[in-house]
Amino acid sequence: MQSIAKVLKDHGYSATRPRKLVFMTLLDKEPQSMGEIASALNGVIDRVSIYRTVTLFESLGIVDRLSTGWKHKFELSDSFTKHHHHVTCIRCNKIVSFEESDAIKQVLKEQAKQVGYLETGHQLEIRGICDSCQ
Ligand SMILES: [Zn+2]
Ligand SMILES: [Zn+2]
């Protein structure tokens, strides 16, 4: 797993306190909306800094943006977490993560190969209706 300080440094950014705190807020957590990140750091970092930091992290590939209906949630990218995907409930937006089978990974690789690409990554999101909303 990569160190956040190193990734920032490699891109010419320093590991400032707000950057470290936003990273820690996302570490080993379920995907969070900008509002959820802001309320976790309420009184610690101002909203503008949080917003800027998340935007920077996204542009550096430190966080991934997930679409949940018309909203977005953020989580650390594969460099900082185990590779996984999500199932999102279309009614209550509850998100559950899962790791796809090797068979699916293979199919995705072959799919890319069929159009002449060497697969380097993918996104795979499932939408559905959760237990309690069914
Ligand atoms: Zn995958
Ligand atoms: Zn639900």
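Modeller: Accessible areas come from the Shrake-Rupley method with a 1.4 Å probe, and for residues only the protein chains shown count as cover. On that basis the protein exposes about 8900 Å², with carbon and sulfur atoms supplying 53% of it. This is a predicted model, in which local features need pLDDT of at least 70 and side-chain atom pairs count only at pLDDT 80 or more, while totals for chains, interfaces and linings use all residues. Residues are numbered from 1 along each chain as its sequence is written, ligands are numbered from 1 in the order in which they are written, and side-chain values use heavy atoms, with hydrogens and water left out.

Colleague: Which residues coordinate the zinc ion (ligand 2)?
Modeller: Cys 89, Cys 92, Cys 130 and Cys 133 do, each through SG, at 2.1 to 2.4 Å. Donors here are N, O and S atoms within 2.8 Å of the metal (3.2 Å for Na, K and Ca); water is not among the atoms, so sites may look incomplete.

Colleague: How are those donor residues spaced in sequence?
Modeller: The pattern is C-x2-C-x37-C-x2-C. Distant parts of the chain are linked by the pair Cys 92, in the loop between β3 (85-89) and β4 (95-98), and Cys 130, in the segment after β5 (125-128), 38 residues apart. Strands are DSSP runs (E, at least two residues), as are helices (H or I, at least four), numbered from the N terminus.

Colleague: Is Cys 130 buried or exposed?
Modeller: Cys 130 counts as buried because its relative accessibility is 12%. Buried means under 20% relative accessible area, exposed over 50%, and partly exposed in between (1.4 Å probe, protein chains only). Cys 92, at 39%, counts as partly exposed.

Colleague: How many helices and strands are there?
Modeller: The protein has five helices and five strands, running α-α-α-α-β-β-β-β-α-β from the N terminus on.
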